[in-house]
Amino acid sequence: QVRLVESGGGLVQAGGSLRLSCAASGRTFSTWAMGWLRQAPGKERDVVAAISWTGGSTFYADSVKGRFTISRDNVKNTVYLQMNSLEPEDTAIYYCAAYVTTPYYSGSYYSPGDFGAWGPGTQVTVSS
């Protein structure tokens, strides 16, 4: 069983930066691809960024390419999302998720429904 806990959300002005962290429990963290998803009010939950189990490949939504960076530390069982040049459109609840349905995944496509474990989420609010 895996437990995920996000931290680092908050209120920031447009153009600012935030770094989200996700601490994971479980001995098999290093075998899972990990992702950050977000959900704004009235919208679906979408994949923002994802990283393969080795950290060797990453995926970014078009809306965040060049601004967000996902990384992981398999010793600390932690995944990060560095968010720069934040825009009001980035306002959402951000969720950390583990791709537990497919261990050792290194594909280029991540479906929100295939992330089998989720954190409670952390609010990110970007003011204009």
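Pro120 is exposed, with a relative accessible area of 62%. Exposed means over 50% relative accessible area, buried means under 20%, and partly exposed lies in between, with a 1.4 Å probe and protein chains only. Pro120 sits in the loop between strand 10 (117–118) and strand 11. The model is predicted: local features need pLDDT of at least 70, side-chain atom pairs count only at pLDDT 80 or more, and totals for chains, interfaces and linings use all residues. Residues are numbered from 1 along each chain as its sequence is written, and side-chain values use heavy atoms, with hydrogens and water left out.

**Around Pro120**

- Not counting residues up to four places away in sequence, Pro120 touches Leu4, Val5, Glu6 and Tyr95. Contact here means heavy atoms within 4.5 Å.
- Gly55 is 65 residues from Pro120 in sequence, and the two are 23 Å apart in space, C-alpha to C-alpha.

**Overall build**

- The protein has eleven strands and zero helices. Both are DSSP runs numbered from the N terminus: helices are H or I with at least four residues, strands are E with at least two.
- Along the sequence, the pattern reads β-β-β-β-β-β-β-β-β-β-β.
- The C-alpha trace spans about 40 × 25 × 25 Å along its principal axes.
- Of contacts between residues at least 6 apart in sequence, 59% join residues at least 24 apart.

**Cores**

- The largest nonpolar core holds 30 residues, and Met34, Trp36, Leu81, Met83 and Tyr94 touch the most other members. Such a core is a set of buried Ala, Val, Leu, Ile, Met, Phe, Trp, Tyr and Cys residues joined through side-chain atoms within 4.5 Å.
- Two or more residues each come from strand 3 (18–24), strand 4 (34–39), strand 5 (46–51), strand 7 (68–73), strand 8 (78–83), strand 9 (92–98) and strand 11 (122–127).
- A second, separate core has nine residues, including Leu37, Val47, Tyr105 and Phe115.
- Leaving aside neighbours within four places in sequence, Met83 is in contact with Gly16, Ser17, Leu18, Leu20, Arg67, Phe68, Tyr94 and Val124.
- In soluble globular proteins, nonpolar side chains tend to be buried together.

**Ser21**

- Ser21 belongs to strand 3. Ser21 counts as buried, at 18% relative accessibility.
- Beyond neighbours within four places in sequence, Ser21 contacts Val5, Glu6, Ser7, Trp36, Thr78, Val79 and Tyr80.
- Ser111 lies 90 residues from Ser21 in sequence and 21 Å away in space, C-alpha to C-alpha.

**Positive phi in loops**

- Ser85 has a positive phi of about 50°, although it is not a glycine. Ser85 is in the loop between strand 8 and strand 9 and is partly exposed, with a relative accessible area of 41%.
- Tyr104, not a glycine either, has a positive phi of about 65°. Tyr104 lies in the loop between strand 9 and strand 10.

**Surface and charge**

- Of the 128 residues, 44% count as buried.
- The protein exposes about 6500 Å², and carbon and sulfur atoms supply 49% of it. Areas come from the Shrake-Rupley method with a 1.4 Å probe; for residues, only the protein chains shown count as cover.
- There are 10 positive and 9 negative side chains, and the centres of the two sets lie 9 Å apart. Lys and Arg count as positive and Asp and Glu as negative, while His and the chain ends are not counted. Each charge is placed at NZ of Lys, CZ of Arg, CG of Asp or CD of Glu.
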